[in-house]
Amino acid sequence: MSEPLGLFGGTFDPVHFGHLRLAEESIGHLGLAGVRWIPAGQPPHRGTPQVTARQRLEMVLRSTAGNDRFSVDASEVEAVAPSYSVHTLERLRGELGAAQSLVLLVGADAFAGLTTWHRWRDLFALAHIAVSHRPGFPVEIASLPHELATEFADRRLPDAGGLRTAAAGGIVTFAMTQLAISATQIRKLLANGLSARYLLPDSVLDYIELHQLYKNT
Ligand code: ATP
């Protein structure tokens with residue numbers, strides 16, 4: 001079986017070093033061929049309407065440029081209707097074939113909310129899930145909703161080796177450098193006219209300044 005491919009979805013509003021380290025460290029920890037970033041399309045009920053999906057995509061493109069293990073999938077941004085992760089995974093599974101191991105990368109907070117995702121149980125037939133530690137969000141059975149805790153206990157792989165022996169269905173955790181950075185914090189800093197420097201790449205900050213983003217969130 002070929003090397004597993006990481007899939008990293010998010011709003012990236014804006015992308016920051018927490019995201020970049022998660023993607024970078026997952027390659028080494030999990031033995032991935034690379035990471036495909038998948039910025040979400042515009043969620044109907046989310047704040048920040050002055051930042052478009054295309055601008056979020058542009059920031060992801062800028063921050064990932066120059067890393068040949070990273071690629072960016074613009075399909076959710078370009079879709080007319082809101083797209084769910086399960087649909088994106090079905091499409092990628094169709095494109096890449098049944099044998100390709102796929103690993104959905106999520107932070108511990110996103111994983112804890114998995115049961116709210118559209119058709120969440122179907123995700124396991126399409127990909128493995130790798131959960132990274134994030135400050136403030138322990139990855140513990142006790143802190144997960146009951147249904148997810150059961151899946152976690154049943155599917156947990158002892159190590160990343162299992163990501164190579166099956167194309168989907170396992171759950172692994174990995175400890176990344178703990179960075180208590182969030183897009184919420186960055187939006188707040190910028191809205192208050194404060195510096196967000198060193199929380200995200202300069203290339204992204206330059207883009208934010210150029211387009212006067214996050215001024216009134
Ligand atoms: P917001 O503050 O707007 O909710 P966010 O910083 O959590 O945004 P998202 O785009 O929602 O960023 O996150 C995309 C993915 O990256 C999620 O799986 C999330 O758990 C993970 N992630 C984001 N920031 C970190 C971080 N600092 N450490 C580990 N994982 C992170």
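This is a predicted model: local features need pLDDT of at least 70, side-chain atom pairs count only at pLDDT 80 or more; totals for chains, interfaces and linings use all residues.

Which residue in β4 does leucine 7 stand opposite? Leucine 7 stands opposite leucine 104.

**Strand β4 and its neighbours**

- Strand β1 (residues 5-10) and β4 run parallel and are joined by 3 bridges.
- Strand β5 (residues 128-132) also runs parallel to β4, and 5 bridges join the two.
- Within β5, alanine 130 is the bridge partner of leucine 105.
- Strand β4 (residues 102-107) is largely enclosed by the rest of the structure, because 6 of its 6 residues are buried.
- In a regular strand, side chains alternate between the two faces of the sheet.
- Both faces of β4 are covered. Leu102, Leu104 and Val106 are buried on one side, and Val103, Leu105 and Gly107 are buried on the other.

**Aromatic pairs**

- A pair of aromatic rings is described by the distance of the centres and the angle of the planes.
- The count of aromatic pairs comes to 6.
- One of these pairs joins phenylalanine 8 and phenylalanine 12, with ring centres 5.3 Å apart. Their planes meet at 70 degrees, so the pair is edge-to-face, the cut-off for that class being over 60 degrees.
- Phenylalanine 8 and phenylalanine 12 are both buried.
- Tryptophan 37 and phenylalanine 70 form an edge-to-face pair, at 5.5 Å centre to centre and with 70 degrees between the planes.
- This second pair links distant parts of the chain, since tryptophan 37 lies in strand β2 (residues 34-39) and phenylalanine 70 in strand β3 (residues 70-72), 33 residues apart.
- Tryptophan 37 and phenylalanine 70 are likewise buried.
- Together, Phe8, Phe12, Trp37 and Phe70 form one aromatic cluster.

**An exposed residue**

- Alanine 125 is found in helix α6 (residues 123-126).
- Is alanine 125 buried or exposed? Its relative accessibility is 63%, so alanine 125 counts as exposed, the cut-off being over 50%.
- Between the C-alpha atoms of alanine 125 and aspartate 202 the separation is 39 Å, and the two residues are 77 residues apart along the chain.

Methods:
Residues are numbered from 1 along each chain as its sequence is written. Side-chain values use heavy atoms; hydrogens and water are left out. Rings of Phe, Tyr and Trp (its six-membered ring) pair if their centres lie within 6.5 Å; planes under 30 degrees apart count as stacked, over 60 as edge-to-face and the rest as tilted. Buried means under 20% relative accessible area, exposed over 50%, partly exposed in between (1.4 Å probe, protein chains only). Helices (H or I, at least four residues) and strands (E, at least two) are DSSP runs, numbered from the N terminus. Two strands pair if DSSP finds at least two bridges between them.
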